[in-house]
Amino acid sequence: MRIRIRKKNLFYLLALLSSVIGAGVTVIDTFITIKYDINTWSLCLVVFLAGIVITFILALLLSIPVGGKPIGARIDPSFPGLRLLRKEEIPYQVVAGFGNAVATVGYFFIISIYQDPSTILSFFEVVILYLLITESIAEKNAPSMAEVESSIIVTFGAIMASFSFTGELNLEGLLIVFLVLNPAWVIFSIYQRKLKLLRINDRPNDAINIRFWNLVFTTLFTAIMVYFIDARHFFAAIAALKYWPILFLSMGTTFFSYIFYIRALGLGKASVTQAVKSSTIIFSIPFSFLLAAYLPISFYESIPQLVIKLMGIILVIMGVISFALTEVRAYIFIKAKTGHPSITLIKDIWAIKGVTAVAAVAGKYDIISKVRMRTLGKGFERIIRELEGIEGIEKFEWHSILKEWEEI
Amino acid sequence: MIKAYILVLTYVGNLNTVLEEMRKIENLESIAVVAGDYDIIVKVEVEEVEELMEVTNKIHSIKGVKRTNTQVIEKEIRE
């Protein structure tokens, strides 16, 4: 029997799991940067080269069937085993791969030119607001006011928690973050989400194949960019593959962080997923203390910075909690007037903001619609008013959802 | 692929027991407890019509279920 849990709980579980593992990756990457003599640009490429190999090995291992299903189906129930890329996925993977490569090259550009880029990089957290704006413009189900408020709280909290007083802060660095790094990451996130929402062979797409094929495209674009920046770094990256054990550890851990992240993207909005993932800052604290015992790094440089960090962490926690309290859902059963086909009516109903699913059905009713809103009062008013304005609806019945379990 | 909503009405005081039993049934895409004329709305996804009948039979056999109403989905738009 498959596990049936509440969708909202699963979303938070996956996003937080991704954050915990992501915090582990941050520590491994800090270790690599300090302990291994790899040029910044070579490191930029070699992580992906090693990533392809370890991801391929892991995906193959996860494809081994046990009890009639691949082992990977325990991590993502949609995983059918490692497969070739489908034609319909190619445009999405190309765009997502390009976004990931540009974001990575932008990040490495910043760390290559600044002595202490931590302050500039803390503004990467603003990407949550970029995603929020993109969703408001491009998606039917635009973020609610409560989601906007929570996102702003998390963004500012995350900046405060990762801000450094000693780091450099200048216009050039900020422009790279705001005009290159963040937009590229938005493209990467939005297209990974689109890939997860695709149906392959009438089944939801799986995170493991998405991750593997994304790495292939990302590596290709990154290799081209690094080659044109300086061909010597390109060849040095291949030579740096001799450090494969630590690189495999880093990218193997990253693999699991991404699998949970992509699965969470398929359940929630990209902005909310990114906001919950900002909690990586919190989870990295115990790892940082652990690492500080072996390497010359410290969690804070001064008492005022520690206070600001702690305030930021509290804001992130508050913001993430408030996300979880913002949803009201309902089913609406609709009877159509004679002479008004349900197929036409469902298109009008689908256009209403807040409608997450609409189905023409055969039975006592003609249409069943599912809606989602911030508050019962406001959403109810807005949706009911719109429904009453649709010619062809004879009557409708509202059923507020009190609790729901979904099989994912 | 056949999808359907099964609207379930339960006898008063049996909701939790019905939910517990219902969560054991295969092929249920979602189970929602609602406030309205019905008590539970179940979404089913099966390969054949016979399987839909099996699911409705299983729901009928749960002690505490008063009545069900099956709505077969002809066309669906969703996020």
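User: Quick one to start: in strand 4 of chain B, what is the bridge partner of Val361(A)?

Analyst: That's Ile73(B). Keep in mind that this is a predicted model.

User: Fine. How many bridges are there between strand 7 of chain A and strand 4 of chain B, and in which sense do they pair?

Analyst: There are six bridges, and the pairing is antiparallel. Strand 4 of chain B covers residues 65-78.

User: What about the interface as a whole, how many residues of each chain are in contact?

Analyst: On chain A it's 30 residues, and they touch 28 residues of chain B. Helix 14 (342-350), strand 7 (355-362) and strand 9 (393-407) are the elements of chain A that give two or more residues to that side. Strand 9 of chain A has the largest share, with eleven residues.

User: And by class, what is on the chain A side that touches chain B?

Analyst: You get 17 nonpolar residues, eight charged and five polar.

User: What ipTM does the model score?

Analyst: The ipTM is 0.93, and the pTM is 0.78. As for chain B, its pLDDT averages 91, with 100% of the residues at 70 or above, that is, scoring at least 70.

User: Back to strand 7 of chain A. Which strand of chain A do five bridges join it to?

Analyst: Strand 8 of chain A, and the two run antiparallel. Ala359(A) sits opposite Ile368(A) of strand 8 there. The hairpin they make has four residues between the strands, and Gly363(A) has a positive phi near 155° in it.

User: What else pairs with strand 8 of chain A?

Analyst: Strand 6 (residues 328-336) of chain A does, also antiparallel, over seven bridges. In that pairing Phe333(A) stands opposite Ile368(A).

User: Is strand 8 of chain A mostly covered or mostly open?

Analyst: Mostly covered: of its seven residues (367-373), six are buried.

User: Switching to the cores. Which residues have the most contacts inside the largest nonpolar core?

Analyst: Val46(A), Leu181(A), Ala264(A) and Val316(A), in a core of 90 residues. Helix 2 (residues 40-62) of chain A gives the most to this core, 13 residues. There's also a second, separate core of 46 residues, which includes Leu345(A) and Val358(A) along with Leu28(B) and Ala32(B).

User: Take Val316(A). What is it in contact with, leaving aside neighbours within four places in sequence?

Analyst: Val154(A), Gly157(A), Ala158(A) and Ala161(A), plus Ser278(A), Ser279(A), Ile281(A) and Ile282(A). Val154(A), Gly157(A), Ala158(A) and Ala161(A) are also among the buried residues of helix 6 of chain A.

User: What covers the buried residues of helix 6 of chain A?

Analyst: The cover includes helix 4 (118-122), helix 5 (127-138), helix 11 (270-277), helix 12 (280-292) and helix 13 (303-323), in chain A. Helix 6 itself has 18 residues (145-162) and reaches 26 Å end to end by C-alpha, close to the 26 Å expected.

User: Now helix 1 of chain A: why does its span agree with what it should be?

Analyst: Because 29 residues (7-35) at 1.5 Å a residue should span 42 Å, and the end C-alpha atoms are 42 Å apart.

User: And what do the buried residues of helix 1 of chain A pack against?

Analyst: Helix 10 (244-267), helix 11 and helix 12 of chain A. The buried residues of helix 1 include Phe11(A), Tyr12(A), Leu14(A), Ile21(A) and Val25(A).

Conventions: Residues are numbered from 1 along each chain as its sequence is written. Chains are lettered from A and ligands numbered from 1 in the order in which they are written. This is a predicted model: local features need pLDDT of at least 70, side-chain atom pairs count only at pLDDT 80 or more; totals for chains, interfaces and linings use all residues. The expected span of a helix is 1.5 Å times one less than its number of residues. A residue is buried if 20 or more other C-beta atoms lie within 10 Å of its own, exposed if 12 or fewer, and partly exposed in between; C-beta atoms are placed from the backbone. Two residues are in contact if their C-beta atoms, placed from the backbone, lie within 7 Å. Ala, Val, Leu, Ile, Met, Phe, Trp, Tyr, Cys and Pro count as nonpolar, Asp, Glu, Lys and Arg as charged, and the others, Gly among them, as polar. Two strands pair if DSSP finds at least two bridges between them. pLDDT is the predictor's confidence in each residue, from 0 to 100. A nonpolar core is a set of buried Ala, Val, Leu, Ile, Met, Phe, Trp, Tyr and Cys residues joined through C-beta atoms within 7 Å.
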